[in-house]
Amino acid sequence: MEIFSKILTSVDINKGLEIPHDRCDDVLAELLITGQRMEILVADMQGNPWKFVCFTKSGNNQLPNPVFKTGWLEFAGHWNLAAGTTITFYKEIDQATGAQYKIRVR
């Protein structure tokens, strides 16, 4: 199940990936249970695991914006991501192992 797709900006690559506002609820539901920070294990296109740290960042309107920073920045560097690249973040449900987050670069 796709959570979001995003065309990356230089800010996403160098500072942290902000989850699109219209898709926040999918990630925030779990994030709000644990507080201001949580680790999400994400598999890349080759099945390699990455630990993304997600936290909430208050904006001018005081609504929390979830952001991937630690782990995401290493992922972006490893895959040589650039502004204009599209990523898709999604979740697969496996009967044996449960929900697994995955990321695809296009």
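This is a predicted model: local features need pLDDT of at least 70, side-chain atom pairs count only at pLDDT 80 or more; totals for chains, interfaces and linings use all residues.

Reader: Got it. So where is asparagine 48?
Author: Asparagine 48 sits in the loop between strand E3 (37-43) and strand E4 (49-58).

Reader: And is asparagine 48 buried, exposed or partly exposed?
Author: Asparagine 48 counts as partly exposed, because its relative accessibility is 32%, and that class lies between under 20% for buried and over 50% for exposed.

Reader: What does the asparagine 48 side chain have a polar contact with?
Author: With the side chain of glutamine 46, at 3.3 Å. Leaving aside neighbours within four places in sequence, asparagine 48 is also in contact with Val42 and Ala43.

Reader: How far apart are asparagine 48 and lysine 102?
Author: In space, 9.7 Å from C-alpha to C-alpha; in sequence, 54 residues.

Reader: Nice. Switching to strands: how do E6 and E7 pair?
Author: E6 and strand E7 (residues 98-105) pair in the antiparallel sense, over eight bridges. A hairpin of three residues joins E6 to E7.

Reader: Which residue in E7 is the bridge partner of threonine 88?
Author: That's arginine 104.

Reader: And what about E1 and E6, how many bridges join them?
Author: Five bridges join strand E1 (residues 2-7) to strand E6 (residues 86-94), and the two run antiparallel. As an example, phenylalanine 4 has phenylalanine 89 in E6 as its bridge partner.

Reader: Great, thanks!

Notes. Residues are numbered from 1 along each chain as its sequence is written. Side-chain values use heavy atoms; hydrogens and water are left out. Two strands pair if DSSP finds at least two bridges between them. Helices (H or I, at least four residues) and strands (E, at least two) are DSSP runs, numbered from the N terminus. Buried means under 20% relative accessible area, exposed over 50%, partly exposed in between (1.4 Å probe, protein chains only). Contact means heavy atoms within 4.5 Å. A polar contact is a pair of N or O atoms within 3.5 Å; within protein, one must be able to donate a hydrogen and the other to accept it, and residues adjacent in sequence count only if both atoms are side-chain atoms.
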